[in-house]
Amino acid sequence: MKKISLFLINLIYIYSCAQLHDEEKPKLEIEIPFAAKVGSENFSCSREYSGIGAKPGGGSTIKPHDFRFYVHDFEFVTNLGEIIHVKLRQDGSWQYENVALLDFEDNSGHCANVSGNTAATNHVIHGTYEKPAGSIEKIRFVVGVPEHLNHKDRAVAPPPLNLASLHWDWTTGYKHARIDFVSDDFKNSNNEEFSGQSANSTGKFNIHLGATGCTGVGSQGTAQCSVKNRPVIELTFRLGQTIVADLKELLATTDLSVKDKNGPKGCMSSQTDPECKEVFLNFGLDFHFDPQSTVPTERRRNLSSNTVYPTSGQKFFRVE
Amino acid sequence: MDFHSKNLTYVLSFSLCLSTLLACSSAPTELLTIQEEFVWELPPGVPLPRELADNPMSAAKIELGRYLFYDKRLSGDGRFSCASCHHQRRSFADDPHIDDGSMESSHLGTVHAILRPYGITGEEHPRNAMALVNLAWQSTYTWANPLLRKLRTQALIPLLGENPVEMGLLGHESRLLAEIEVDPIYQRLFPKAFPDRKNPFTLDEITLALEAFQRSLISYDAPFDRYQRGDHSALSSSARRGMELFFSEDLECFHCHGGLNFTLMEDHRQLAEPSIDFANTGLYNIGGLGLYPPQNQGLFEFTQKIMDMGKFKAPSLRNVELTAPYMHDGSVANLDEVLDHYSAGGRTISSGPFAGVGSANPFKSGFVKGFTLTPQERADIIAFLKSLTDCRFITNPKYANPWPAGHRNKPDPLDELPESSHPCNP
């Protein structure tokens with residue numbers, strides 16, 4: 001109880017300081033537009049896209065089913081090295097505290113009748129920031145739901161954290177990103193008797209990014225996950241630019257004509273799921289499990305919860 | 001006392017009555033709700049389960065949960081209910097004798113045919129449906145998930161889960177809520193179960209009621225229990241010899257299958273904290289690396305620590321005779337093969353993608369070290385395991401499908417005919 005009171009006092013203190021601080025520096029409104037693309041083409045649930053993935057001779061054709069992801073902790077870096085936090089507008093639907101949901105599926109076309117999809121979309125982050133002395137050179141954000149919100153009771157969570165389709169009840173955390181599609185090229189198993197797949201799910205490739213390695217008591221919000229799987233993104237950026245999330249880049253090194261080797265269809269974030277390897281690397285996440293070694297390998301980036309340093313090697317995001 | 005033939009009784013606590021009377025005398029126009037206190041009807045020696053602060057038991061909740069458990073509208077396509085994979089006459093494990101589309105046989109490499117449950121999209125489930133028995137005394141739910149400590153949380157997995165799809169309710173929640181809201185039976189049961197809720201027709205309340213019903217599934221009346229309570233004629237001499245072997249240091253069975261419910265996964269009011277234990281029994285050892293087949297890697301899936309590879313819950317052995325096939329993946333067909341596995345100290349699979357010598361699994365429990373049995377000893381152990389069958393539990397009308405005949409949730413009567421070989425048939 002003592003700890004809680006101290007924590008509250010701290011919060012009040014921080015809040016009042018922030019209030020004082022607010023009066024000193026002018027607040028600027030900011031809109032940060034996002035766009036979902038497949039290569040150079042805009043993402044649409046009604047389209048299909050060819051030339052996707054690393055299949056020799058030109059890639060595969062895919063039809064989208066879902067394209068949603070959470071983002072949090074936006075900040076700018078200026079030429080003077082200032083780090084400017086973006087405070088998200090609390091809109092009661094897409095943004096809550098420091099986290100926002102970006103939703104590019106509109107429940108139409110191929111995305112229609114996919115369980116849990118919604119007609120509403122959201123492409124823009126709305127917030128405020130304090131006018132810096134220097135000029136903005138970079139933007140940083142983290143993909144996913146932050147740790148302190150990740151293991152609360154979803155049933156009573158505020159929007160946008162109340163969507164069953166973006167929650168993993170099994171690990172009691174959120175799907176940081178949910179990017180699903182089908183490809184006729186992709187066969188869900190090389191061992192049909194063991195895959196847990198059937199004709200109905202043939203071709204389905206789900207990318208469900210979420211924290212794994214979780215222990216604790218899920219229902220009490222105390223679960224701790226050793227593999228956070230929250231890509232930390234840093235991009236060269238100036239105001240007015242759009243951040244593009246490119247599915248073609250995310251899948252660039254995955255051969256979609258190869259049968260799903262093991263585990264769930266597509267990549268569901270386990271370090272033993274072979275389809276996660278290339279996807280993870282393109283998110284800028286480590287993929288370290290080596291079944292030939294019985295010693296768990298060290299994970300450099302996944303172990304840190306948040307913005308210690310930007311993820312390197314990510315290809316999913318760019319600025320246009 | 002024959003506790004099973006009695007209905008659960010609900011008594012008004014004296015203090016509540018008193019306060020009601022006092023309140024009435026001072027404010028006669030005020031509406032008062034009388035809270036019923038739930039009484040666990042248990043045989044002597046069985047400790048009380050914990051009361052859940054966020055979901056206290058009540059007769060009304062149990063009754064609602066029972067209707068929901070058998071309600072096919074809880075699935076995405078209206079074909080499956082919880083009971084599609086959890087049949088009372090199999091101690092609420094899956095029933096290979098019922099062809100309701102929820103089970104099919106598959107093959108495990110070179111071993112033999114096994115049975116796996118299927119979800120509404122035809123997706124095969126990697127795991128064997130567990131029996132639902134004495135869940136109020138369990139510390140964690142499902143085969144290896146250390147996070148699921150409450151049945152209300154667990155219920156979301158079959159309802160909404162996508163890996164695999166089981167009941168496939170995701171995206172159909174509002175349809176379900178709209179349907180149950182206008183069902184006359186639920187219009188009576190929901191407000192009764194949740195009198196304080198302004199709108200009780202929510203997914204949250206559904207999971208709370210399912211939790212209450214499942215916690216009410218109580219089985220302590222097997223021949224073994226009657227023997228323990230002093231009826232020495234309840235066990236045959238063979239079963240008594242088997243019991244000696246089961247609890248012996250030679251066989252070591254009881255180390256993992258010990259306690260009130262023959263599982264270390266135990267919790268009740270007399271424990272300081274829940275007992276939690278997952279173990280690798282050497283069922284697989286792929287490539288000699290200790291690995292288990294993908295999608296069935298046990299506790300490792302959650303901790304991502306290699307030493308947790310293949311660690312699963314030792315399930316309760318109550319009614320084990322009725323719950324074949326066995327193990328987390330249903331890959332062991334009968335009790336004889338279970339004894340083969342443990343007497344060898346682990347299973348050897350000679351060929352195929354999962355080949356390996358299970359007894360050499362580096363993550364295996366030290367208690368699975370193998371043993372030799374004479375044919376008589378083997379028969380004795382099986383006789384003991386069969387003495388854990390509680391025929392009153394599986395025929396208890398309190399747990400049966402409550403929907404009226406002819407209702408969409410009441411299966412074809414043919415489905416309900418027990419096969420002649422059922423051990424509880426006279």
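In chain B of this predicted model, helix H12 (residues 335–343) packs against H13(B) with the two axes 11 Å apart and at an angle of about 120°. H12(B) is therefore oblique to H13(B), and the crossing of the two helices is right-handed.

| Helix | Residues in the contact |
|---|---|
| H12(B) | Leu335(B), Asp336(B), Leu339(B), Asp340(B), Ser343(B) |
| H13(B) | Arg378(B), Ile381(B), Ile382(B), Leu385(B) |

Helix H9 of chain B runs through residues 237–246, and its buried residues are Ser238(B), Ala239(B), Gly242(B), Met243(B), Leu245(B) and Phe246(B). These residues lie on the same side of H9(B) because they cover an arc of only 160° around the axis.

Helix H2 of chain B, formed by residues 59–69, is mostly covered, with ten of its eleven residues buried. Among the buried residues of H2(B) are the charged side chains Lys61(B) and Arg66(B). The buried set of H2(B) also includes Ile62(B), Leu64(B), Tyr67(B), Leu68(B) and Phe69(B), together with Ala59(B), Ala60(B) and Gly65(B).

How values were computed. Residues numbered from 1 in each chain as written. Chains lettered and ligands numbered in written order. Predicted model: local features only at pLDDT ≥ 70, side-chain atom pairs only at ≥ 80, totals over all residues. Heavy atoms only, no water. Buried < 20%, exposed > 50% of the residue type's maximum accessible area, 1.4 Å probe, protein only. Helix = DSSP H or I, 4+ residues; strand = E, 2+ residues; numbered from the N terminus. Arc of directions from axis to C-beta. Axes fitted to C-alpha atoms, helices over the stretch in contact; angles between N-to-C directions. Parallel < 35°, antiparallel > 145°, perpendicular 65-115°, else oblique. Left-handed = near helix turned anticlockwise from the far one by under 90°. Contact = heavy atoms within 4.5 Å.
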